[in-house]
Amino acid sequence: MQGSDLKGSSSDRARRLEIVVTGNENSARLDRVLATRCPEQSRSRLKSLILAGQVLVGRKSSVGKRVFVANDAIGPIPVRDPAYHVAPGDTITIDIPPAIPAAPKAEAIALDIMYEDDDLIVINKPKGLVVHPGAGHQAGTLVNALIAHCGESLSGIGGVCRPGIVHRLDKDTTGLMVAAKNDAAHKSLSAQFADHGRTGPLRRGYLAFAWGLPNRLHGTVDAPIDRHPYAREKMAVRAGGREAITHWNVREAYNDRDGKPVAVLLACQLATGRTHQIRVHLAYAGHPLIGDDVYGPHFKTKASHLGSSARAALDALGRQALHAHLLVVEHPRTREVLRWEAALPEDLSRLQAALTAAE
C-alpha cells in the first residue's frame with residue numbers, strides 16, 4: 001500500500017492511498033479489503049467514503065491499460081458500492097479527507113427560532129443548511145449553530161456530531177425542526193418520532209409542489225423504501241425495504257398556458273420517516289417534486305409548458321419544492337401538545353403565485 005499526502009503530511013490534511021489487490025483477496029468485498037488494508041480508519045468511515053464517491057478501482061484491460069470499473073461498467077467513475085467484488089491486480093485509489101473534528105465547533109449562524117424553552121428549541125430551517133456535520137459538510141451546519149446558541153445545555157444523546165438532533169430535513173428542504181436541549185427531552189422526542197404519531201400526537205406536515213395532477217383528491221403511497229441498487233446516494237421503492245407510508249391530499253391545482261393541468265400543490269403527512277421519503281414516493285406515484293433533479297430529472301421538459309413568470313420562479317428556485325410547514329409534538333416535560341406552522345418561504349411563495357397566475 002502506498003500513501004501520499006495531497007496537501008502535506010499532517011493528519012488533519014487530505015491523503016491519497018493506493019492499494020494493489022492480491023490473489024488472496026480475489027472476489028473480496030471492497031469495504032472488507034479497505035478495512036483490512038486501512039486499519040487506522042473505522043469501517044463506518046470507509047463505508048461513508050465509498051458512498052461519497054471517494055474510492056476508485058483501476059483494473060488492467062486485456063491490452064495492459066488501466067481502466068476504471070464500477071460493477072460491470074467501464075468508465076472513469078467511482079465505485080459507490082461497498083459490496084463491489086475486487087480482483088487480483090486491481091488498484092484501489094482512496095482519497096481520505098481530513099478527519100472530522102471529534103466535536104463540532106460553535107458557529108454564529110443566524111437561526112429563525114419559532115419556539116424555545118429549557119427543554120427544546122424549534123427552528124424554521126432555511127434552504128441550503130445541512131443538519132449535522134458529515135462528509136463534505138464539516139462546518140456551517142445546524143448543529144454548529146445550535147451549539148453556539150444553546151451552549152452546554154444541548155443534549156448529547158445523539159453523539160458528538162449530532163447533539164440534540166432527533167430528526168432531520170434534507171439540505172434544500174425548508175421548514176420546521178425540533179431539537180432537544182437535554183437528555184430527558186431527547187429521549188421523549190426520539191420516542192415520539194419513532195412512533196410516528198401512531199399512539200401519540202406527533203404530526204409532520206409538508207407542502208409539496210409536484211408535476212402533474214393526480215386522478216383523485218387524496219390518497220396514500222404505501223411502498224417500502226431502501227437504498228437504490230445502483231445509485232447509492234439515492235433511495236428507491238424496493239421490495240423488502242423498510243416500511244414507508246405517505247398520506248397526501250390536493251391543496252391547489254395549476255394549469256399551463258393552454259389551460260391544461262401541469263402542476264399541483266400537495267399537503268403530505270408522514271406516517272413513517274425514511275430518507276427522502278416524500279421525494280421518492282411522489283416520484284414513484286408519477287408526480288415528482290418540481291425542481292427535484294435527483295428523483296424527477298425526466299420532468300424538466302414540463303417547464304416549457306409554464307408561463308414566463310412560472311419558468312423564471314422555477315429557474316430561481318434551484319431546489320426541490322418541499323417545505324415542512326407543520327409540526328406537532330408533546331412537550332417532554334409538561335405533556336402539553338404543542339403545534340407550530342411555518343408559512344412558505346419566499347422562493348416557494350413566488351413559485352405559487354406564478355403558477356396561480358399561469359401567465
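**Figure 1. Aromatic pairs in a predicted model.** The model shown is predicted, and it holds two aromatic pairs. Rings of Phe, Tyr and Trp (its six-membered ring) pair if their centres lie within 6.5 Å. Planes under 30 degrees apart count as stacked, over 60 as edge-to-face and the rest as tilted. Y115 and W340 make a tilted pair, with 5.5 Å from centre to centre and 50° between the planes. Y115 sits in strand β7 (residues 113-116) and W340 in strand β17 (residues 337-341), so this pair ties together parts that are 225 residues apart in sequence. Helices (H or I, at least four residues) and strands (E, at least two) are DSSP runs, numbered from the N terminus. Is Y115 buried or exposed, or partly exposed? Y115 is partly exposed, at a relative accessible area of 27%. W340 is buried, at 8%. Buried means under 20% relative accessible area, exposed over 50%, and partly exposed in between (1.4 Å probe, protein chains only).

**Figure 2. The pair of F209 and Y254.** The ring centres of F209 and Y254 are 6.4 Å apart and the planes meet at 20°, so this pair is stacked. F209 belongs to strand β10 (residues 203-211) and Y254 to strand β14 (residues 245-255). The pair links distant parts of the chain, 45 residues apart. Both F209 and Y254 are buried. Residues are numbered from 1 along each chain as its sequence is written; local features need pLDDT of at least 70, and side-chain atom pairs count only at pLDDT 80 or more. Totals for chains, interfaces and linings use all residues, while side-chain values use heavy atoms, with hydrogens and water left out.

**Figure 3. Strand β10 and its partners.** Eight of the nine residues of β10 are buried, so β10 is largely enclosed by the rest of the structure. Two strands pair if DSSP finds at least two bridges between them. How many bridges join β10 to β16? Six bridges do, and the two strands run antiparallel. A208 has L322 of β16 as its bridge partner. Seven bridges join β10 to strand β15 (residues 261-270), again antiparallel. Here L207 is partnered by A267 of β15. L265 also lies in strand β15. At 3% relative accessibility, L265 is buried. The C-alpha atoms of L265 and A208 are separated by 5.7 Å, although these residues are 57 residues apart along the chain.

Figure 4. The model has two cavities of 30 Å³ or more. On a 1 Å grid over the protein atoms alone, a cavity is a set of points where a 1.4 Å probe fits but cannot get out. Lining residues have an atom within 4 Å of a point. Grid points are joined across faces, edges and corners, and a volume is the space filled by probe spheres set on the points. The largest cavity has a volume of about 50 Å³. Its lining residues include H167, R204, Y206 and L327. The elements that give two or more residues to this lining are β10 and β16 (322-330). By class, the lining has six nonpolar, two polar and one charged residues. Ala, Val, Leu, Ile, Met, Phe, Trp, Tyr, Cys and Pro count as nonpolar, Asp, Glu, Lys and Arg as charged, and the others, Gly among them, as polar.

**Figure 5. The second largest cavity.** This cavity has a volume of about 30 Å³. I121, I123, L142, L146, M177, V178 and A179 line it. The elements giving two or more residues are β8 (120-125), α3 (142-150) and β9 (174-180). Which element gives the most to the lining? β9 does, with three residues. The lining has seven nonpolar residues, no polar and no charged ones.

Figure 6. Six of the eight residues of helix α1 (residues 30-37) are buried, and the helix is mostly covered. Among the buried residues are L30, V33 and L34. S27 is found in the loop between β2 (15-20) and α1. S27 has a positive phi of about 65°, although it is not a glycine. S27 is partly exposed, at 44%.

**Figure 7. H276 in its loop.** H276 is placed in the loop between β15 and α5 (277-284). Its phi is near 60°, a positive value in a residue other than glycine. At 17% relative accessibility, H276 counts as buried.

Definitions and conventions
On a 1 Å grid over the protein atoms alone, a cavity is a set of points where a 1.4 Å probe fits but cannot get out, and a pocket is an open set with protein on both sides within 12 Å along at least five of seven lines; lining residues have an atom within 4 Å of a point.
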